[in-house]
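Visitor: Could you walk me through this one before I start drawing conclusions from it?
Guide: Gladly; here it is.

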Amino acid sequence: MNESRHISTELSLSEAWKRVEGRVRTAVEDGSHPFRTVALATADKTGSPQQRMVILRNFTDDSVFTVFTDNRSDKVDQILENSSVSLLFYDADEKLQLRAAGKAVVIHDGEERMRYWNSRGSRNPYSYTSVVAPGTVIGHPREAYRWGEEAPSNFSLIKVEATWMEFLQLGGVRHIRAEKRIRQGVERIRWIAP
Ligand SMILES: Cc1cc2nc3c(=O)[nH]c(=O)nc-3n(C[C@H](O)[C@H](O)[C@H](O)COP(=O)(O)O)c2cc1C
């Protein structure tokens, strides 16, 4: 473990948060970073939690997480019905957990979406172009292996604007935990007993 990047009790609260957020930004650029994959939790129409892994595509303003999805997927309907979501990251090498919660929006049109579509990594002939919509019951896995022309029609962004974030740095028995609350652009950070 690189001690200079580690969250330690020597750091101030704001320095610790800067490091955690730096990790998230690094993950956007580094496909092998543990924070690159994140569990996204939504609520289904019965109110039950539903989680799935997604890939983190961007992290902006130290609070907005962007992921890509197929607009036909269940998570999109769930977010349209209830925009409250949470995200869960874990870096096993650094023993660092990050949780975030807030409101999600699904973006299915506009210039920003096309910018992402045209950027490296999002455009792929097998992504978002399956003939059979995600979640459809099929008789055999092979039935789903048909793709239409490469087109952005099913490509959507999910942007999660966090109003609460919390990290937990494991450290033997001396763990370090802190939260951040963001209301109307104003951040409040606090240490929390682990
Ligand atoms: C490592 C990993 C990364 C994934 N990344 C994405 C992603 O970025 N976007 C996405 O929509 N689904 C992604 N998936 C698939 C989802 O976990 C999920 O199976 C799919 O989106 C359907 O979820 P839903 O029915 O809840 O909408 C990923 C799965 C794994 C295992």
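Guide: What follows goes from the overall layout to the core, a helix, a strand, the ligand and a few loop residues.

Visitor: What kind of model is it, and how are residues numbered?
Guide: This is a predicted model, in which local features need pLDDT of at least 70 and side-chain atom pairs count only at pLDDT 80 or more, while totals for chains, interfaces and linings use all residues. Residues are numbered from 1 along each chain as its sequence is written.

Visitor: How many helices and strands does the protein chain have?
Guide: The protein chain has 3 helices and 9 strands, where helices (H or I, at least four residues) and strands (E, at least two) are DSSP runs numbered from the N terminus. Along the sequence they come in the pattern α-β-β-β-β-α-β-β-α-β-β-β, and the C-alpha atoms fill a box of roughly 55 × 35 × 35 Å along the principal axes.

Visitor: And what share of the residues is buried?
Guide: Buried residues make up 21% of the 194 residues in the protein chain. A residue is called buried if 20 or more other C-beta atoms, placed from the backbone, lie within 10 Å of its own, exposed if 12 or fewer, and partly exposed in between.

Visitor: Which residues have the most contacts inside the largest nonpolar core?
Guide: Those are F65, L87, L98, A100 and V160, in a core of 33 residues. A nonpolar core here is a set of buried Ala, Val, Leu, Ile, Met, Phe, Trp, Tyr and Cys residues joined through C-beta atoms within 7 Å. Two or more residues each come from α1 (13–29), β1, β4, α2, β5, β6, β7 and β8 (176–183), and β7 gives the largest share, 7 residues.

Visitor: What does V160 touch, then?
Guide: Leaving out residues up to four places away in sequence, V160 touches V64, F65, V85, L87, A100, G102 and A104.

Visitor: Switching to α2: why do its buried residues line one face?
Guide: The buried residues of α2 (residues 74–81) are K75, V76 and I79. Seen down the axis of α2, they fall within an arc of 100°, so they line one face of the helix; the arc is that of the directions from the helix axis to the C-beta atoms. As background, an α-helix has 3.6 residues a turn, so residues three or four places apart point the same way.

Visitor: What covers that face, and what's on the other side?
Guide: The cover over the buried residues includes β1 (37–43), β2 (49–55), β4 (64–70), β5 (84–91), β6 (96–107) and β7, whereas L80 and E81, on the other side of α2, are exposed.

Visitor: Which residues of β1 are on its covered face?
Guide: V38, L40 and T42 form the covered face of β1, while T37, A39, A41 and A43 form the uncovered one.

Visitor: And how does β1 pair?
Guide: β1 and β2 run antiparallel and are joined by 7 bridges, with Q50 in β2 as the bridge partner of T42; strands count as paired if DSSP finds at least two bridges between them. In the hairpin of these two strands, which has 5 residues between them, G47 takes a positive phi near 90°. β1 also runs antiparallel to β5, through 3 bridges, and there A39 has L88 as its bridge partner.

Visitor: Which residues come nearest the ligand?
Guide: R52, T69, S73, D74 and K75 come nearest, out of 15 residues around the ligand, a residue being near if its C-beta atom, placed from the backbone, lies within 6 Å of the molecule. β2, β4 and α2 each supply at least two residues of this shell, and β2 gives the most, with 5 residues.

Visitor: Where does S153 lie, and is it buried or exposed?
Guide: S153 lies in the loop between α3 (111–118) and β7 (155–169), and S153 is exposed, with 11 other C-beta atoms within 10 Å.

How values were computed. Two residues are in contact if their C-beta atoms, placed from the backbone, lie within 7 Å.
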